Amino acid sequence: MKTNLDKITKQGKCIFLAYDQGLEHGPTDFNDMSVDPDYILKIAAKGKYNGIILQKGIAEKYYKPYRKKVPLVLKLNGKTRLLRGDPISTQLCSVKEAIKLGAVAVGYTIYIGSEHEPVMFDQFRKIEEEAHSKGLPVILWAYPRGAVIKNELDRNILAYSARIGLELGADMIKMKYNGNVNDLKWIVKSAGKAKVIIAGGAKVSEKELLKQTREIMRAGAAGLAIGRNVWQRDNPLEITKKLKEIIWKR
Ligand code: FBP
């Protein structure tokens, strides 16, 4: 039976290209080429990504010509790196607007453990109910963060975050990899039927990225939602091919 996840997965696996760093980090992540959203959309389309992750503003101005070329995952909330104190990611786009822009799935960040966690839980509930009622899968960025979180990469904290994603109704849970394959196996188990996908993080060597991807897939994750480690490279399509070979074991 076809599920809504089939639009953004292939044989249950996936690779998404993330491009919301302009909001989260500022243009410091970009160079003359990657600062242009069109450059990134071309990579996503030519590399046949399962989805491009964008905030509303970029989707509005750049996505239209790519509608049939790469699926859109619209990120519904965000925050800047300038915010101080416990983090809160505010809703910036509605499910309705995301659908209008052509999205086939939506994404939402919860900073688990933040003093603002209840606000994000409440917003997530609303978007999850609406997205599911319209047949759109929901991807939760489950990032433990805030004063009470001593180590964001702790095995138990990550497994707890994965479980929260399952309990809240996420279809996919986007998490960070702590470099320990056994920890990730437990995290994937804790997520149950919700799929775990792993964020790329700051750029590492190609050798390290491919090693990590092998481990991530061995642990049972469904794939990657990766940004800087692809589009900060000189040949993004070459690394895309290598990552896909690992994900789909070609
Ligand atoms: P990268 O692969 O470039 O790390 O992107 C993944 C991502 O989740 C983005 O969607 C988001 O902008 C960023 O990481 C947020 O990471 P952080 O909050 O750690 O700066």
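This is a predicted model: local features need pLDDT of at least 70, side-chain atom pairs count only at pLDDT 80 or more; totals for chains, interfaces and linings use all residues.

Reply: Residues are numbered from 1 along each chain as its sequence is written, and side-chain values use heavy atoms, with hydrogens and water left out.

Me: How are α8 and α10 oriented to each other, roughly parallel or roughly antiparallel?

Reply: Two packed helices are described by the angle between their axes and the distance between the axes. Axes are lines fitted to C-alpha atoms, for helices over the stretch in contact, and angles run from 0 to 180 degrees between N-to-C directions. Helices (H or I, at least four residues) and strands (E, at least two) are DSSP runs, numbered from the N terminus. Here α8 and α10 (residues 236-247) have axes 9 Å apart at an angle of about 25°; they are therefore roughly parallel (under 35 degrees; over 145 is roughly antiparallel, 65 to 115 roughly perpendicular, the rest oblique).

Me: Which residues of α8 and α10 meet?

Reply: Contact means heavy atoms within 4.5 Å. From α8, Glu206, Leu209, Leu210, Thr213, Arg214 and Met217 meet Ile239, Lys242, Leu243, Ile246 and Ile247 of α10. By class, this contact of α8 with α10 holds 7 nonpolar, 1 polar and 3 charged residues (Ala, Val, Leu, Ile, Met, Phe, Trp, Tyr, Cys and Pro are nonpolar, Asp, Glu, Lys and Arg charged, and the others, Gly among them, polar).

Me: At what angle do α6 and α7 pack?

Reply: The angle between α6 and α7 (residues 181-190) is about 25°, and their axes lie 8 Å apart. α6 is thus roughly parallel to α7.

Me: Where is Gly200 placed, and which residues does Gly200 touch?

Reply: Gly200 sits in the loop between β9 (195-199) and α8 (206-218). Leaving aside residues up to four places away in sequence, Gly200 touches Ala225, Ile226 and Asn229. Its relative accessibility of 22% makes Gly200 partly exposed (buried is under 20% relative accessible area, exposed over 50%, partly exposed in between, with a 1.4 Å probe and protein chains only).

Me: Where is Gly146?

Reply: Gly146 lies in the loop between β7 (138-144) and α6 (155-168). With residues up to four places away in sequence not counted, Gly146 touches Asp86 and Pro87.

Me: How many disulfides are there?

Reply: A disulfide is a pair of cysteine sulfur atoms within 2.5 Å, and the count is 0. Cys14 is buried at a relative accessible area of 0%, and Cys93 is buried at 3%.
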